[in-house]
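Colleague: I am new to this one. Could you show me the structure and take me through it?

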Amino acid sequence: MLIGMFFISIFFIVFTYAGYPLVVIVLARISPIPIRKTADFVRPFVSIIIAAKNEENIIENRILNLLGQDYPSDKLEIIIVSDGSADATESIIRKMAANFVNQARISCHAYTPSRGKPTALNIGIGHAVGDVIVFADARQQFKKNTVSQLVSNFSDATVGAVSGELVFLQEGESEIKAQMGAYWQYEKIIRKSESKSGSTVGATGAVYAIRKHLYQQLPPETILDDVLTPMNILMQGYRVIFDGEALAYDAISKDVGREWKRKVRTLAGNWQLVSLRTDLLNPRRNTLFFRFC
């Protein structure tokens, strides 16, 4: 019995890291589902939402980066929700909103005490007027065409959410530079293959977009908002795709301990998803049951 359990466990481990990627790669090759983009697609109004907490050192550069997007400024707004910030984050945002009145509209919505990122995102959505929502973080920087690239995919009516790609840049010496590079290359291959063969599971929280009318309010305790929101959209019958041309840049972490905590948080979040949406384990409801599990 114990030997049998041992080999079953080995099988599932090998399948998770080698078998499943091979399956989706083959599916993407033999049965690709293209994104139907149209030349006459009218660009929608876009709301960029950032949940920020104590980001006084980086929030100005982040806003300038978003103002520099090649998307029409009259069809763009930047909404920053300050989740209990105790520094100058809010005053910096409001100063920039006053100084850049002729560009994309900038707004700040603040409250105390902190209620967590899911609540901040819910509040941001409540103030958004865009047909498309782009979720971003304060730390990363977008490539100049990232918003345009994300939005172009919505010319296909079957697409409900689009994940961009997070690119790690070297900043000094990192203890985990090689490991992070290999991990992200591995994950990118899987996401691209999932997307080409139908839908990917989850999105890159630092750079993804959704159709606003498909958003469902997040429970305050949500750990992985960038997985729950895409799965909510998938369960409504839409595709979630990966666009490797929509780029956000970040520095590789130098702290192995911080990366370990992030991994533990991700694993805990995956288990929590099942309790938040039990129907994710129902193959009749969840068309991506195989990929999700």
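Modeller: A term comes first: helices (H or I, at least four residues) and strands (E, at least two) are DSSP runs, numbered from the N terminus. This is a predicted model, in which local features need pLDDT of at least 70 and side-chain atom pairs count only at pLDDT 80 or more, while totals for chains, interfaces and linings use all residues. Residues are numbered from 1 along each chain as its sequence is written, and side-chain values use heavy atoms, with hydrogens and water left out.

Colleague: Where is Thr-222, then?

Modeller: Thr-222 sits in the loop that runs between strand 7 (207-211) and helix 7 (225-234).

Colleague: Is Thr-222 buried or exposed?

Modeller: Thr-222 is buried, as its relative accessible area is 7%. Buried means under 20% relative accessible area, exposed over 50%, and partly exposed in between (1.4 Å probe, protein chains only).

Colleague: What does Thr-222 touch?

Modeller: Beyond residues up to four places away in sequence, Thr-222 touches Pro-118, Leu-228, Gln-272 and Leu-276. Contact means heavy atoms within 4.5 Å. The side chain of Thr-222 also reaches the backbone oxygen of Pro-219 at 2.7 Å. That is a polar contact, meaning a pair of N or O atoms within 3.5 Å; within protein, one must be able to donate a hydrogen and the other to accept it, and residues adjacent in sequence count only if both atoms are side-chain atoms.

Colleague: How many residues of helix 7 are buried?

Modeller: Ten of the ten residues of helix 7 are buried, so this helix is largely enclosed by the rest of the structure. Among them are Asp-225, Leu-228 and Asn-232.

Colleague: What do the buried residues of helix 4 pack against?

Modeller: The buried residues of helix 4 (residues 117-127) include Pro-118, Leu-121 and Ile-125. They pack against helix 7 as well as strand 1 (46-52), strand 2 (76-83), strand 3 (105-111) and strand 4 (132-136).

Colleague: A change of topic: how many helices and strands does the chain have?

Modeller: The chain has nine helices and eight strands. Of its 293 residues, 48% are buried.

Colleague: Which residues of the largest nonpolar core touch the most other members?

Modeller: In that core of 36 residues, they are Val-46, Ile-48, Ile-63, Ile-80 and Phe-142. A nonpolar core is a set of buried Ala, Val, Leu, Ile, Met, Phe, Trp, Tyr and Cys residues joined through side-chain atoms within 4.5 Å. A second, separate core has 30 residues, including Ile-133 and Leu-214.

Colleague: And which residues is Ile-48 in contact with?

Modeller: Setting aside neighbours within four places in sequence, the contacts of Ile-48 include Leu-66, Leu-76, Ile-78 and Val-147.

Colleague: Which residues of helix 2 meet helix 3?

Modeller: Ile-59, Glu-60, Ile-63 and Leu-64 of helix 2 meet Thr-89, Ile-92, Ile-93 and Met-96 of helix 3. The buried residues of helix 2 include Ile-59, Ile-63 and Leu-66, and helix 3 is one of the elements that the buried residues of helix 2 pack against.

Colleague: Last topic: where does Ser-85 lie?

Modeller: Ser-85 lies in the loop between strand 2 and helix 3, and it is buried, with a relative accessible area of 9%. Its side chain reaches the backbone nitrogen of Asn-54 at 2.9 Å. The C-alpha atoms of Ser-85 and Ser-114 are 7.5 Å apart, although 29 residues separate the two along the chain.
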